Amino acid sequence: MDSSCSLCCILLLALFGISNQYQCSASGIDADQTALLLVNASEASARKMPDTLFGIFFEEINHAGAGGLWAELVSNRGFESGGSVMPSPIEPWAIIGNDSSVIVSTDLSSCFDRNKVALRVEVLCDNGGANICPDGGVGVYNPGFWGMNIECGKSYKLVFYVRSSEPINLSVALTSSNGLKKLATTTVVADNVLNWTKVLVWLEAEGTDSNSRLELRSSTKGVIWFDQVSLMPLDTYNGHGFRKDLFGMLIDLKPAFIRFPGGCFVEGDWLRNAFRWKETIGPWEERPGHFGDRWGYWTDDGLGHFEFLQLAEDLGTLPVWVFNSGISHNEQVDTSDILPFVQDILDGLEFARGAPNSRWGSVRAAMGHLEPFDLRYVAIGNEDCDKKFSQYRGNYLKFYLAIKEAYPDIKIISNCDGSSKPLDHPADLYDFHIYASASDMFSNASRFDDAPRSGPKAFVSEYAMHVDHDTAKGHLLAALSEAGFLIGVEKNSDVIEMASYAPLFVNNNDWTWTSDAIVFTSSQVYGTPSYWMQHFFKESNGATLLTSTLQANPSNSLIASAITWRNETDNDYLRIKVVNFGSSRVTLSISISGLENSLQSCDATKTILTSSNVMDENSFTDPEKISPVKTMLEEVSENMDVVLLPYSITSFDLLRKSISMTVTTASDLESSF
């Protein structure tokens, strides 16, 4: 987007007499209201908003990566999730056969130094004699993350390590959940696997089942060891391992940045379970994985430091790396002992930005990325500033000074809140999180009105309507309250540099946190109303804030903004966004000045997000029940009346000047969002 041509105006509108109580049904709306919106579109009072204003935040929560965006289909692929104390549980792996035909256990015989657990399968039956194996053999199967999505005609890459003192004859198959239907099958025969041997198998599916499993079977008596079993679809985004449909949901938001990998996931309840970047790089077989104790599940760290940086690059966004500050939820490293942590982060920065012949830059280059990544932002810790007896400020300064000396251009984000008073330590930005009820979220549109106008800017890295006792999975009311808050972010973009919703993903089988933006299973995905709400702001990065005038009686139910944006064919549009958080239909009179007669009468559209009930949600059966609906505006002028439905967000896109005229068709409208 050519931000130099973008204009933005933020206005708080007021209405009188709108009920403070939510009316859940359109049948109960109050009498119509009126309001006046004055938009000054001249450039005299323009103020540019940051190019980075709206982005996304990825945290390994709700199985967002493991079993989600990261396309690995095998859960617990290295058999490490139960720990190194033997015998180790191997869930979700399960046994095919009974006690008379097979014995499955674990030991520490793996050839990989950082993940020593291996699976030992002793086949007691045989292909002849008194104890004949059941049809198909015995062994183990893995159901993936609540079922593997196998699709007819698609290819899958299976890699595993195996050893045995005897020749092996394995049946490898992708089957239905009960093992009765074969979707893909092959045989692995080897005479000499006395030492650990890597096996690569390509499987092409001849059937479809979203609840499939991987089977490894044998009908020959003997002992076989397995380790590091991986199954990946070939059609990941750019071959980089990202599930295409989930990746597409992200890129459609046009995010300016991506914050990763957490969140509380970075801290851990205990430091031993914190995210350690060095343990997530290099060959996937050699990554030890770790237990994310804060959110209660194991991750093999296939989605590691390198992959997060690659994800940012594939999305065309700026990476924002959040690293551990020496503080977990239950432990703190004394500032006098923090220097090893500091050096570890300097190594991580060299991995991302160093020359390909540097120590850690060469590791990145060996992983296939010769050129440095464009890493410009780092956050020191997550929500650590106000912990009891916090070592945060002391630790923070050690990180800050070392990073600024080595990389003076990197912007550093503090955990301490600078929205009420200036920080007592140097920082480029400060982190601000807000989870609140719908009414509180909407009212927080003015949260930064009185924030210091100089010094570090805010990074609102986690915002969402969230109430602990609210079991909803993402409703319209939440989206509207968040939209109102984001218009406040636009209004205060002189002191806010970045903002991102949280959490981003949730596997429908692991609702650790509600609400979320994107819901998925092994084969399906839909956006919640909060996801679709963010589409109204994806053109705002780099826009310009203008002065505005409000002529209405005071109320807390209406808020609006205006920007100009340029589309792919270099047409400039004025976009006016209005959130109606009340139960009344509103007739809004819009008066636009300063356009110098550049407003065109054609190609104008209206887009609305609403529903008959503010508690309505999307679902797999009705994934776009609440999603933006776009229609043409027949009458356009610099003075016009428009109708705002109760509990809605509406945008009006008006063509300002046409550099290359385009024709909008009905199909264009259907696909725009």
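**A loop and its surroundings**

A: Ser515 lies in the loop between β25 (505-507) and β26 (518-520). Strands (E, at least two residues) and helices (H or I, at least four) are DSSP runs, numbered from the N terminus. The model is predicted: local features need pLDDT of at least 70, side-chain atom pairs count only at pLDDT 80 or more, and totals for chains, interfaces and linings use all residues. Residues are numbered from 1 along each chain as its sequence is written, and side-chain values use heavy atoms, with hydrogens and water left out.

The bond between Thr514 and Ser515 is a cis peptide, with omega about 0°. Pro87 sits in the loop between β4 (54-57) and β5 (94-96). Why remark on these bonds? Because most peptide bonds are trans, and most residues other than glycine have a negative phi.

Phi gives two further spots. Gln228, not a glycine, has a positive phi of about 45°. It belongs to strand β15. Its relative accessible area is 3%, so Gln228 is buried (under 20%; exposed is over 50%, partly exposed in between; 1.4 Å probe, protein chains only). Glu383, also not a glycine, has a positive phi of about 55°. Its place is the loop between β20 (377-380) and α6 (392-406). With a relative accessible area of 37%, Glu383 is partly exposed.

Now the packing. Phe505 touches Asp516, Ile518 and Phe520, among others. Its partners also include Phe58, Ile61, Leu246 and Leu250, and residues up to four places away in sequence are not counted. Contact means heavy atoms within 4.5 Å. Phe505 and Ile403 have the most contacts inside the largest nonpolar core, which has 119 residues. Helix α8 (residues 476-491) gives the most to this core, with ten residues. Such a core is a set of buried Ala, Val, Leu, Ile, Met, Phe, Trp, Tyr and Cys residues joined through side-chain atoms within 4.5 Å. Another core, of 40 residues, lies apart from it; Met148 and Val193 are among its members.

At 44% relative accessibility, Leu234 counts as partly exposed. With Leu200 and Trp202, Leu234 forms a nonpolar surface patch of about 320 Å² accessible area together. Areas come from the Shrake-Rupley method with a 1.4 Å probe; for residues, only the protein chains shown count as cover. Patch residues have over 30% relative accessible area and no salt bridge; nonpolar side chains (Val, Leu, Ile, Met, Phe, Trp, Tyr) are joined within 5 Å, like charges within 9 Å. A salt bridge puts a side-chain nitrogen of Lys or Arg within 4 Å of a carboxyl oxygen of Asp or Glu.
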